[in-house]
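Welcome, and thanks for taking a look at this one with me. Here are a few notes to read alongside the structure.

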Amino acid sequence: MTNFLSGKLIYNFFYLAYILNEKFINDQSKRNYMADKFLEYNNKRVRKKFERIKPKNIAILLPHCIQNYDCPFKITSDVENCKKCGKCKIGKILELKEKYNLEVKVATGGTLARLFIKEKKPDIIIAVACKRDLISGIYDTFPMNVYGVYNKIIHSPCINTDLSIEEIEKVLLFLGKKN
């Protein structure tokens, strides 16, 4: 119980500092600082939990903006609808899904993400999202084990964003998944 309370207190501190930075600091690099520190703290906490105990059920949770905006094959209902054309990284995510036996969900928002988590009950979630959605999602789901990875905004937010397959695979290897 003490661990939970101290952990929640630390998360509250980071989240409040993040919100205040977003509200009152104009310099983008300074605004990102607290979000980066929060994500770093969270990911260290999650890695520490899985140093000795390897999770059995791993899920990857992705934002819908990872999919190519013009793709006619919508993957929010079923990621397997992807035709692996190479215009986005969903095909590569499907390769990871098969290679490491993962659950993968593309969510259009927090409600769908929470429904997926409640339904699948993964031991750990590797969540990819933009800064705001990732930080608030990690905060909202504490004490769940959510390892956060920022997506890469190329041209504009919420359209044709990118992600690092290498970073996700590095986390999977740390978690003891074998290829």
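1. A definition to start with: a helix crossing is called left-handed if the near helix is turned anticlockwise from the far one by less than a right angle, and right-handed if clockwise. Please also keep in mind that this is a predicted model.

2. With that in hand, look at helix α1 (residues 2–24) and helix α2 (residues 28–49), whose axes lie 8 Å apart and which pack at an angle of about 160°. That angle makes α1 roughly antiparallel to α2. Their crossing is left-handed.

3. Which residues bring α1 and α2 together? From α1 come I10, Y11, F14, Y15, A17, Y18, N21 and E22. On the α2 side they meet K30, R31, M34, A35, K37, F38, Y41, N42 and R45. By type, the residues of this contact between α1 and α2 split into 10 nonpolar, 2 polar and 5 charged.

4. Now turn to strand β3 (residues 124–129), which is mostly covered, with 6 of its 6 residues buried. I124, I126 and V128 point one way from β3, while I125, A127 and A129 point the other way, and all are buried.

5. What does β3 pair with? Strand β1 (residues 58–63) runs parallel to β3 and is joined to it by 4 bridges. In this pairing, I58 stands opposite I124 of β3.

6. Strand β4 (residues 146–150) also runs parallel to β3, and 5 bridges join the two. Here I126 stands opposite Y147 in β4. Both I124 and I126, the β3 residues named in these pairings, are among those pointing one way from the strand.

How values were computed:
Residues are numbered from 1 along each chain as its sequence is written. This is a predicted model: local features need pLDDT of at least 70, side-chain atom pairs count only at pLDDT 80 or more; totals for chains, interfaces and linings use all residues. Side-chain values use heavy atoms; hydrogens and water are left out. Axes are lines fitted to C-alpha atoms, for helices over the stretch in contact, and angles run from 0 to 180 degrees between N-to-C directions. Angles under 35 degrees count as roughly parallel, over 145 as roughly antiparallel, 65 to 115 as roughly perpendicular and the rest as oblique. Contact means heavy atoms within 4.5 Å. Ala, Val, Leu, Ile, Met, Phe, Trp, Tyr, Cys and Pro count as nonpolar, Asp, Glu, Lys and Arg as charged, and the others, Gly among them, as polar. Buried means under 20% relative accessible area, exposed over 50%, partly exposed in between (1.4 Å probe, protein chains only). Two strands pair if DSSP finds at least two bridges between them.
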